[in-house]
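Work through the exercises below with the sequence and the model open. Try each task before you read its solution.

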Amino acid sequence: MKLPHTLTQATIATPLGPMRLAATECALAGAWFHDQRYAPEPALVASWRPDSHHPVLRETARQLADHFAARRQAFDLPLDLSFGTPFQTAVWRALCAIPAGHTLSYGELARRLDAPNAVRAVGAAVGRNPLSVVVPCHRVLGARGGLTGYAGGLPRKQALLRLEATGRPAPLPTPMPA
């Protein structure tokens, strides 16, 4: 795991809500929905510096816009996955190998990592994925193919899967009035 680092950040609008993007000097280190359950570990980030002109953040925003418009299925970005433990990093790299439009179970992902008894640990690492959408944790399903946990919320997971399957995202539910 890295020592505290300065990250450059920008917020972008997406059809599934605002996303906070973060980059090191030359790689994407984070992409979180505004209300995502797990944010970056405070101990790993010494400071945040806003800069919407950072080349990696601009390219990430462009590729995400293409993805949400169904013009892109795979991302071509430099990624910094070193903010996790070695096990988390291995899980995140394995997620990158799941092709668009395909899914697999947490158990299958654990088997692919040669850790068939570590299904819960794999699930925890998937949930801590710092690069939502770009590192496709939404493509991992429960043992029976059901939608299970997603740090950005199950409606977003459903919308992302539908986008990949049909080219059209599922609409997010309208919040209930208070």
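**Exercise 1. Find what covers the buried residues of helix α2 (residues 86-96).**

Step 1. Start with the terms. Helices (H or I, at least four residues) and strands (E, at least two) are DSSP runs, numbered from the N terminus. Buried means under 20% relative accessible area, exposed means over 50%, and partly exposed lies in between (1.4 Å probe, protein chains only). Contact means heavy atoms within 4.5 Å.

Step 2. Know the model. It is predicted: local features need pLDDT of at least 70, side-chain atom pairs count only at pLDDT 80 or more, and totals for chains, interfaces and linings use all residues. Residues are numbered from 1 along each chain as its sequence is written, and side-chain values use heavy atoms, with hydrogens and water left out.

Step 3. List the buried residues of α2. They are Gln 88, Thr 89, Val 91, Trp 92, Ala 94 and Leu 95.

Step 4. Name the cover. It includes α3 (106-112), α4 and β6 (140-141).

**Exercise 2. Describe how α2 packs against α4 (residues 119-127).**

Step 1. Two packed helices are described by the angle between their axes and the distance between the axes. Axes are lines fitted to C-alpha atoms, for helices over the stretch in contact, and angles run from 0 to 180 degrees between N-to-C directions.

Step 2. Read the values. The angle between α2 and α4 is about 75 degrees, and their axes are 9 Å apart. That makes α2 roughly perpendicular to α4 (under 35 degrees is roughly parallel, over 145 roughly antiparallel, 65 to 115 roughly perpendicular, the rest oblique).

Step 3. Name the partners. Phe 87, Gln 88, Val 91, Trp 92 and Leu 95 in α2 meet Ala 121, Val 122, Ala 125 and Val 126 in α4.

Step 4. Sort them. This contact of α2 with α4 has eight nonpolar residues, one polar and no charged. Here Ala, Val, Leu, Ile, Met, Phe, Trp, Tyr, Cys and Pro count as nonpolar, Asp, Glu, Lys and Arg as charged, and the others, Gly among them, as polar.

**Exercise 3. Is strand β2 (residues 19-23) largely enclosed or open, and which strand does β2 pair with?**

Step 1. Four of the five residues of β2 are buried, so the rest of the structure largely encloses this strand.

Step 2. Check the pairing. Two strands pair if DSSP finds at least two bridges between them. Five bridges join β2 to β3 (residues 28-33), and the two run antiparallel.

Step 3. Ala 22 is opposite Gly 30 in β3. The hairpin of β2 and β3 has four residues between the strands.

**Exercise 4. How many disulfides are there?**

Step 1. A disulfide is a pair of cysteine sulfur atoms within 2.5 Å. The count is zero by this rule.

Step 2. Look at two cysteines. Cys 26 is exposed at 57% relative accessible area. Cys 137 is buried at 7%.
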